[in-house]
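Hello,

Here is the structure I promised to hand over.

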Amino acid sequence: MKKNEETISFSANKKWLAIPVDMRKQLERNVFCSYCLDVVQIENYVVKESPPGIALEGTCKKCGKGVARFIE
Ligand SMILES: [Zn+2]
């Protein structure tokens, strides 16, 4: 059975938007990139369900490779 991806990302997005904007900005700028071996900013990300929390999946602002940030 195919899961409804839109519904899933909608509820994940709701959780993300429930976080205060200042905190969200801080989280976006505090993602560890395993290619840069440094803390970087995440770009072009999508919010996904990642029980018990959510995950941001996007790209590293420095090198453009895939990075993810989990938030409980
Ligand atoms: Zn990087």
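Predicted model: local features only at pLDDT ≥ 70, side-chain atom pairs only at ≥ 80, totals over all residues.

Three strands form an open sheet in the order E3-E4-E5, and their pairing is antiparallel. Strand E3 (42-50) and strand E5 (66-71) are the edges, each pairing on one side only. From one strand to the next, the twist averages 25°.

Look next at strand E4 (residues 53-60). Six bridges join E4 to E5 in the antiparallel sense. Within this sheet, Ile54 sits opposite Ile71 in E5.

**Overall layout**

The protein has two helices and five strands. Along the sequence they follow the pattern α-α-β-β-β-β-β. Of the 72 residues, 15% count as buried. Take the contacts between residues at least 6 apart in sequence: 39% of these join residues at least 24 apart.

**The core**

Which residues make up the largest nonpolar core? There are 11: Ala12, Trp16, Val31, Cys33, Val40, Ile42, Val47, Ile54, Leu56, Cys60 and Val67. At least two residues each come from helix H1 (5-17), strand E1 (31-33), E3 and E4. E4 gives the most, with three residues. As background, nonpolar side chains in soluble globular proteins tend to be buried together.

Val40 is worth a look. Leaving out residues up to four places away in sequence, Val40 touches Val31, Cys33, Cys60, Lys61, Lys62 and Val67. Among these partners, Val31, Cys33, Cys60 and Val67 are also listed in the core.

Best regards

Methods:
Residues numbered from 1 in each chain as written. Pairing = 2+ DSSP bridges. Helix = DSSP H or I, 4+ residues; strand = E, 2+ residues; numbered from the N terminus. Axes fitted to C-alpha atoms, helices over the stretch in contact; angles between N-to-C directions. Buried ≥ 20, exposed ≤ 12 C-beta atoms within 10 Å, placed from the backbone. Contact = placed C-beta atoms within 7 Å. Core = buried A, V, L, I, M, F, W, Y, C linked by C-beta atoms within 7 Å.
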